[in-house]
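Please keep the sequence and the coordinates at hand while reading.

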Amino acid sequence: MIRIVVPALLGLEAVVAEELLSLGHEPAAVETGNGRVSFQTAPEHLADAVARANLWLRSGERVLIELGRFPARDFDALFDGVSALPWEDFIPPGAAFPVKGSTRASRLESVPACQSIVKKAVVERLRPRLGLAPGAALPEDEQTAFCRIQFTIVDDVASLMLDTTGEPLHKRGYRPVSTEAPLRETLAAAMVLLLKWRPFSDEVLVDPFCGSGTLPVEAAMIACGVAPGAARRFACERWPAVGPAVFAAAREEAAEFSRPRLLTARDFAADGRRFVFGSDLDPAAVALTAKNVSRAGVEGLVGLRAGDALSLSPAALTEWTGSGRRLVLCNPPYGERLLDAEQAAEISRGIGRTFLDRGSAPVGSRVAVLSAVTDFERLAGAPADKRRKLYNGMIQCHLYQYFRWRKPAP
Ligand SMILES: C[S@@+](CC[C@H](N)C(=O)[O-])C[C@H]1O[C@@H](n2cnc3c(N)ncnc32)[C@H](O)[C@@H]1O
């Protein structure tokens with residue numbers, strides 16, 4: 001069996017694991033660690049598993065193939081272990097193969113020294129297989145192919161991996177530019193998945209601080225079953241062990257999967273109804289969101305407008321969205337990258353007034369706010385029903401969740 005490793009933002013490991021299970025991997029084959037999730041696959045299914053993971057994972061950061069794992073207490077052991085691995089099966093002639101890595105709690109402490117040993121060992125392995133003389137330089141060109149080697153050495157055990165993804169998975173392709181302080185696409189998708197939003201039900205999703213629209217776009221892509229990687233390329237499409245054919249098949253499968261859902265969504269939208277909504281104080285942000293929605297192929301499904309979130313009333317929200325039942329999901333400015341601490345506190349108070357009705361969300365609503373404001377709950381006037389620690393880049397945040405959906409009295 002071959003291990004495939006998916007690095008994840010801290011706090012999102014369980015979401016990535018859940019996604020792998022829905023891709024059909026057996027629970028026993030999926031293992032969750034700190035900042036990473038891995039799964040095992042048989043060698044004959046490797047290419048297919050790699051293609052589908054790259055195309056479909058919404059919350060993972062990359063897809064890495066682990067080529068080997070061995071004890072490495074000194075440089076000789078590292079060199080021998082690396083040169084015993086079948087690099088030629090993965091790295092085509094002429095490809096660039098930079099090396100990146102980390103070490104922890106190990107005798108081999110110097111990352112640059114380990115990087116150059118790994119590079120040297122791979123070069124020595126490949127040279128005779130490419131018919132090159134001892135000592136000859138290997139031609140490397142990113143345009144030919146890109147095979148980033150990643151190693152970790154933890155407790156004197158080295159793990160050698162190849163990055164199949166290239167540009168990280170959060171680069172979906174629909175957001176070439178963003179407003180300030182955007183959410184990473186993988187985190188936005190994970191927030192929608194964590195909230196278990198059910199599209200096409202009568203619950204609409206509203207982001208009243210939408211910025212460049214990452215939450216509405218990811219929600220609409222989830223609703224329509226659009227594969228997040230469908231519109232981009234991956235490094236391993238040029239590798240001999242993976243190649244373009246499995247990606248062509250996976251893209252075709254993804255198009256088949258999303259077609260009926262996109263049609264349903266368009267039917268839904270044909271009579272003017274929308275099921276995802278975004279607004280922002282800044283009209284330029286709304287215009288950018290509209291472009292991103294369109295680039296993601298989910299235009300027509302998302303209702304947008306400019307406006308002050310804090311002047312919305314439950315009645316105004318119902319009138320705008322056409323539904324009294326909603327999931328408000330947002331990441332307002334929290335005074336780190338946008339606005340100052342007092343302005344961020346004022347927004348937290350405003351969210352409490354506007355969306356939580358000073359503590360108790362109105363009947364029919366769920367509210368989830370990603371914030372780094374430490375006393376958000378006090379400012380908003382209510383303890384959250386559930387809070388989850390997440391990281392937005394390096395900033396520690398909490399996703400404060402309020403579930404106040406009660407059936408109206410008969
Ligand atoms: C952290 S950014 C949101 C980023 C967004 N999630 C993205 O991925 O691009 C916060 C946004 O809140 C907007 N904003 C600030 N005060 C607002 C208010 N009172 N009403 C509506 N939007 C507001 C800002 O213009 C900014 O675009």
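**Helix pairs, sheet and ligand shell**

The axes of helices α6 and α8 cross at roughly 25° and come within 9 Å of each other. Axes here are lines fitted to C-alpha atoms, for helices over the stretch in contact, and angles run from 0 to 180 degrees between N-to-C directions. Helices (H or I, at least four residues) and strands (E, at least two) are DSSP runs, numbered from the N terminus. The two helices, α6 and α8, are therefore roughly parallel to each other; angles under 35 degrees count as roughly parallel, over 145 as roughly antiparallel, 65 to 115 as roughly perpendicular and the rest as oblique. The crossing of α6 past α8 is right-handed, where right-handed has the near helix turned clockwise from the far one by less than a right angle, and left-handed anticlockwise. On the α6 side the contact is made by P216, V217 and A220, and on the α8 side by T289, N292 and V293. Contact requires that the C-beta atoms of two residues, placed from the backbone, lie within 7 Å. This α6 contact with α8 divides into four nonpolar, two polar and no charged residues. In these classes, Ala, Val, Leu, Ile, Met, Phe, Trp, Tyr, Cys and Pro count as nonpolar, Asp, Glu, Lys and Arg as charged, and the others, Gly among them, as polar.

The model is predicted: local features need pLDDT of at least 70, side-chain atom pairs count only at pLDDT 80 or more, and totals for chains, interfaces and linings use all residues. Residue numbers start from 1 along each chain as its sequence is written.

Helix α6 (residues 214-223) also meets helix α5 (residues 185-194), with axes that come within 9 Å and cross at roughly 60°. That angle makes α5 oblique to α6. Here too there is a right-handed crossing, of α5 past α6. From α5, E185, A188, A189, M191 and V192 meet T214, L215, E218, A219 and I222 of α6. By class, this contact of α5 with α6 has seven nonpolar, one polar and two charged residues.

Next comes the sheet. Seven strands form an open sheet in the order β12-β11-β10-β13-β14-β16-β15, with mixed pairing; strands pair if DSSP finds at least two bridges between them. At the edges are β12 (302-306) and β15 (386-392), each of which pairs on one side only. From one strand to the next, the twist averages 15°. Helix α8 (residues 283-295) packs on this sheet, where α8 touches β11 (276-280) and β12, and the direction of α8 makes about 165° with that of β12. Within the sheet, β13 (residues 325-330) and β14 (residues 365-371) pair in the parallel sense over five bridges. R326 has S365 in β14 as its bridge partner.

Elsewhere, β4 (residues 64-71) pairs with β1 (residues 2-7) in the antiparallel sense over three bridges, and V5 has L64 of β4 as its bridge partner. Strand β4 also pairs with β9 (residues 157-163), in the antiparallel sense over seven bridges.

Finally, the ligand is surrounded by 23 residues, of which the closest are P182, F209, G211, T214 and A309. A residue is near a molecule if its C-beta atom, placed from the backbone, lies within 6 Å of it. The shell around the ligand has 14 nonpolar, six polar and three charged residues. T214 is also one of the α6 residues that meet α5.
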